[in-house]
Amino acid sequence: AHRDILASALANRGVVLVDLGRIEEAVAVWVTVEQRFGGDPELADPVAAAQFNAGLVLAQSGRVTEATVLWDRLVDADSAPPLRVAPALHNKATTLNRVGDYEAAIRAAELVIQRFDPELTGEVASAMLSRGIGLVRMRRVQEAIDAWEVARQRFGDDPQCAESLVKVLSN
């Protein structure tokens, strides 16, 4: 139990450091969490949180390759909780769409759909929308329209998913 508390405390310390604007220190703390506690299935959640947060901060800082490497390690960890893996994959898809790596973005979005449908409907709906964005940017417009229509049919009754779909379609 002591290791669990320490891993969680360190992961939370990284969040505080980001709030203080100390990004590099936060990333270093999160990498420490991964190095010290990775591989221990009982500590999978704080390790995955550290990997997720470090990836997010790195992506926001323009360090996309480093971010995707961290997210990939999270996704590949056997004990990583699905509630951490799906958002990591979705963030990877969104980030890769933003930097123009549409093929990789589409693959990441499709992986969310394959691995987490129907359990995590919010993440699956978001992944469907991200996939469509990548398709549009690759000028595969009809495929995008078809993908968004599937998302609308499946998730149109969910207010949050419907709102996300409307935002995508209005841009």
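**Close-ups of two helix pairs**

**View 1. Where H3 meets H4.** On the H3 side, Ala-48, Gln-51, Phe-52, Ala-54, Gly-55, Leu-56, Leu-58 and Ala-59 touch Val-64, Glu-66, Ala-67, Leu-70, Trp-71, Arg-73 and Leu-74 of H4 (contact means heavy atoms within 4.5 Å; helices are DSSP runs, H or I, of at least four residues, numbered from the N terminus). Sorted by class, this contact has eleven nonpolar, two polar and two charged residues (Ala, Val, Leu, Ile, Met, Phe, Trp, Tyr, Cys and Pro count as nonpolar, Asp, Glu, Lys and Arg as charged, and the others, Gly among them, as polar). It's a predicted model, with local features needing pLDDT of at least 70 and side-chain atom pairs pLDDT 80 or more, while totals for chains, interfaces and linings use all residues. Numbering runs from 1 along each chain as its sequence is written, and side-chain values use heavy atoms, leaving out hydrogens and water.

**View 2. How H3 and H4 cross.** Helix H3 (residues 44-60) and helix H4 (residues 64-76) cross at roughly 160°, and their axes come within 8 Å (axes are lines fitted to C-alpha atoms, for helices over the stretch in contact; angles run from 0 to 180 degrees between N-to-C directions). So H3 is roughly antiparallel to H4 (angles over 145 degrees count as such).

**View 3. The H1 and H2 pair.** Helix H1 (residues 2-19) packs on helix H2 (residues 23-37) at about 160°, axes 7 Å apart. That makes this pair roughly antiparallel too. The contact includes Leu-6, Leu-10 and Arg-13 from H1, and Val-29, Trp-30 and Phe-37 from H2. Its residues split into 13 nonpolar, one polar and four charged.

Terms used. Parallel < 35°, antiparallel > 145°, perpendicular 65-115°, else oblique.
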